[in-house]
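Hi,

Here is the structure I said I'd pass on to you. Have a look at it first, then read my notes below.

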Amino acid sequence: MSAARLEAGLIQRMPKVLLHDHLDGGLRPRTIIDLAAEQGYRKLPSTDPEALGEWFRRGADQGSLELYLETFEHTVGVMQTRDALIRVAAECAEDLAADGVVYAESRYAPELSTAGGLTLDEVVEAILEGFRIGAARVQGRPIVLRFLATAMRQADRAGEIADLALRHRDAGVVGFDIAGPEAGYPPGRFGVVFGRLVHANFHLTLHAGEGYGLPSIREALDLGAERLGHGVRIVDDIELDTAGTATLGRLAAYVRDRRIPLELCPTSNVHSGAAASIERHPFDLLRRLRFRVTVNTDNRLMSDVSLSGEFAALDAAFGLGLDEIEWLTLNAMKSAFLPFDERLAMITDTIKPGFAALRAERPAGA
Ligand SMILES: [Zn+2]
């Protein structure tokens, strides 16, 4: 463990990669209020940006699933027009770029934005347009953004969403995900849809192994998931003896051997109860065992986090240092759903030179 902790400003300047971030979990409170006024949405608990931001954070941190889900009712509630989606997506690009993120995959369930009459295609087109606008606004901090189309577990539209994702695959939709409650909605019921996506050589990441344990991870992998959304419960298949020596079960060994990326979201996992605290988060064990660990935000508004903030919290708890954050960043870039040559270019042209420049600034031994 390195004694000195990294300064927040330094972490922010590191070229970072984000694979698990929900578009509807990252709105600015001010934007929610503006969009609610424009669309005549009257259900917000407050129209003061500070109080509203505080309300969202309380919902995430109270251990109340109902309150947590209610927070998304309001963000999704104001994401019902083309202009609203463009603004939300553009601000997502701006906020991530300001945090030093150079590549991100943002995900959202398009079926949630059709209540005002938009078609699924119009929803995706508006989001991609917003990403383009936002990325163009942040000239000094280049960011590449791609979209993951999410289908909701509890709904019945996975087939439609898969077709939608494939229609837009050359325009910036690089993968498919399912989200929503794990318990009671096993992904197996979407087996035919996943089979079709795999056959189309499309990318899949599935929310699995967050609230629910090993069976959901096993099922996600059986269905063709290349990455695990959270996947934190893989620790249930690792035994530690009193000396701290780890023995991996078959599934954990498979996940590590195959370099299957784990999209860990530390603060969100604490809020959802999947981990007791940052200090006790399985992140530390999993990275020491050299699983393909990546660090992510999940819902920046509700969890009141940024990617830099997550790295700072992990650095404070485990003494990551610059080298380990670079390793985690390379893990994420290697695991991205961008074509291979573009991933390689991000690594050689942006990430490695960026970390090398920051390393050169620091006095030897720091
Ligand atoms: Zn998530």
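Predicted model: local features only at pLDDT ≥ 70, side-chain atom pairs only at ≥ 80, totals over all residues.

Let's start with a pair of helices: α5 passes α6 in a right-handed crossing (right-handed if the near helix is turned clockwise from the far one by less than a right angle, left-handed if anticlockwise). Residues are numbered from 1 along each chain as its sequence is written.

Back to the pair. Helix α5 covers residues 82-98 and helix α6 residues 120-137; they pack at an angle of about 40 degrees, with their axes 7 Å apart. (Axes are lines fitted to C-alpha atoms, for helices over the stretch in contact, and angles run from 0 to 180 degrees between N-to-C directions.) That makes α5 oblique to α6, since under 35 degrees counts as roughly parallel, over 145 as roughly antiparallel, 65 to 115 as roughly perpendicular and the rest as oblique. Among the residues making the contact are Leu-85, Val-88 and Ala-89 of α5 and Ala-126, Ile-127 and Gly-130 of α6 (contact means C-beta atoms, placed from the backbone, within 7 Å). By class, this contact of α5 with α6 has 13 nonpolar, 2 polar and 7 charged residues. Here Ala, Val, Leu, Ile, Met, Phe, Trp, Tyr, Cys and Pro count as nonpolar, Asp, Glu, Lys and Arg as charged, and the others, Gly among them, as polar.

Now compare another pair. Helices α15 (residues 321-335) and α16 (residues 340-361) pack at about 170 degrees, with axes 11 Å apart, and are therefore roughly antiparallel to each other. Their contact includes Leu-322 and Leu-330 of α15 and Met-346 and Phe-355 of α16. It divides into 8 nonpolar, 1 polar and 4 charged residues.

Next, the sheet. It is an open one of 4 strands in the order β1-β2-β3-β4, with parallel pairing (strands pair if DSSP finds at least two bridges between them). β1 and β4 (173-179) stand at the edges with a single partner strand each, so one side of each has no neighbour in the sheet. From one strand to the next, the twist averages 25 degrees. β1 is joined to β2 (residues 101-108) by 5 bridges; Lys-16 stands opposite Val-101, and Val-17 opposite Tyr-103. Strand β1 (residues 16-22) is mostly covered, with 7 of its 7 residues buried. (Buried means 20 or more other C-beta atoms within 10 Å of a residue's own, exposed 12 or fewer, partly exposed in between; C-beta atoms are placed from the backbone.)

Finally, two loop residues. Asp-298, in the loop between β10 (293-295) and α13 (300-303), has a positive phi near 70 degrees, but Asp-298 is buried, with 26 other C-beta atoms within 10 Å.

Cheers

Key
Contact = placed C-beta atoms within 7 Å.
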